[in-house]
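Could you take me through how a protein chain and its ligand site are read from a model?

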Amino acid sequence: MLQTFDPRNKDIKVYAGGNILHRDEAAISVFDSVVQGGDAVWEGLRLYKHGIICLSDHLKRLHESAHTLCFKDVPGKQEIRAALKQVLDANGMKEDVHIRLTLTRGVKITSGMDPRLNQSGCTLIIVPEYKAPVYDNEKGIRIISSSQRRNNPQFLDSKIHHNNLLNNILAKIESNVAGVDAALMLDENGFASELNGTNIFMIKNNIVMTPHPHNCLPGITRKHVMTLCSENNIVVQESNISLSQLYNADAVFCTGTMGELTSIIEIDGRSISLASRHELFVKVQEAFRNSLPRVCEQI
Ligand code: PMP
């Protein structure tokens, strides 16, 4: 699955450091921390006709990531909401929009790693694009397990939603070379952690399971799906999950703001029944759709 250019996005406007500009004119400083060290945090948001899904949770995670990284002069939630509204209004966007929101440590007075060189506050970048959920859920996706391990907190805590995405990108390259859609990243003990850009779930004997969030990003869609399971009396648990368990699952699916809930139909060449034919998946999927008016927030 390779995303293609959507002509609706040809003349979109983006928000870059306080300015709303055409996508071809927007720019940030070459002294910005994101250029120098990938020193930034980000969120992927989705705009439905009811508003932005789980926006409060996303802003909370953004602020927590920035706090962990000791960012200074971080824009408040109201300020970020106002910037989101400004750029969506400037584009007349109402739904079917994915928003890449990036907050960098800001511009440095000279190149260097030291955060004390950042003396003018953070840079906020908002890129809204028309984009349908990126995976075809009717067909499902094929994945491989990658040799790239997902970070354990001993090295770089995956709970920080930061822009140093190279280990995930290396995993994605492995999946491209293998000709499949995404890569499954294991933890340091060989248990499944998550895919390179989404969380993973499996269903076996009517129990929904997802890996412990030791190494993975605890996704907001993951949390939402777990809540929906509980609300619908579906047993859901966090667990160590081995590759063999995944190969022999009744259904496997991934979750993320980018693609919502997507069936995984093949792992390392082993085929798995389409999750969208599994009764519990259908139930959760329907609950997800029905929850949109409740969990989307108008800005
Ligand atoms: N895992 C990784 C590595 C991700 O980058 C993302 C999306 N940013 C997710 C999982 C899914 O998270 P969410 O449900 O919050 O979009």
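The dialogue below goes from the chain to the ligand.

Q: What should I know about the model before reading it?
A: This is a predicted model, in which local features need pLDDT of at least 70 and side-chain atom pairs count only at pLDDT 80 or more, whereas totals for chains, interfaces and linings use all residues. Residues are numbered from 1 along each chain as its sequence is written, and side-chain values use heavy atoms, with hydrogens and water left out.

Q: How many helices and strands are in the chain?
A: Helices (H or I, at least four residues) and strands (E, at least two) are DSSP runs, numbered from the N terminus. The chain has seven helices and 16 strands, and its C-alpha trace spans about 55 × 40 × 35 Å along the principal axes.

Q: Which residues come nearest to the ligand?
A: A residue counts as near a molecule if one of its heavy atoms lies within 4 Å of it. Of the 16 residues around the ligand, Arg61, Glu194, Ile220, Thr221 and Thr257 come nearest.

Q: Which polar side-chain atoms lie by a nitrogen atom of the ligand, as that of His161 does?
A: A polar contact is a pair of N or O atoms within 3.5 Å; within protein, one must be able to donate a hydrogen and the other to accept it, and residues adjacent in sequence count only if both atoms are side-chain atoms. A side-chain N or O atom of Glu194 is 2.5 Å from a nitrogen atom of the ligand, and a polar side-chain atom of His161 lies 3.0 Å from a ligand nitrogen atom. For Thr221, a side-chain N or O atom is 2.6 Å from an oxygen atom of the ligand.
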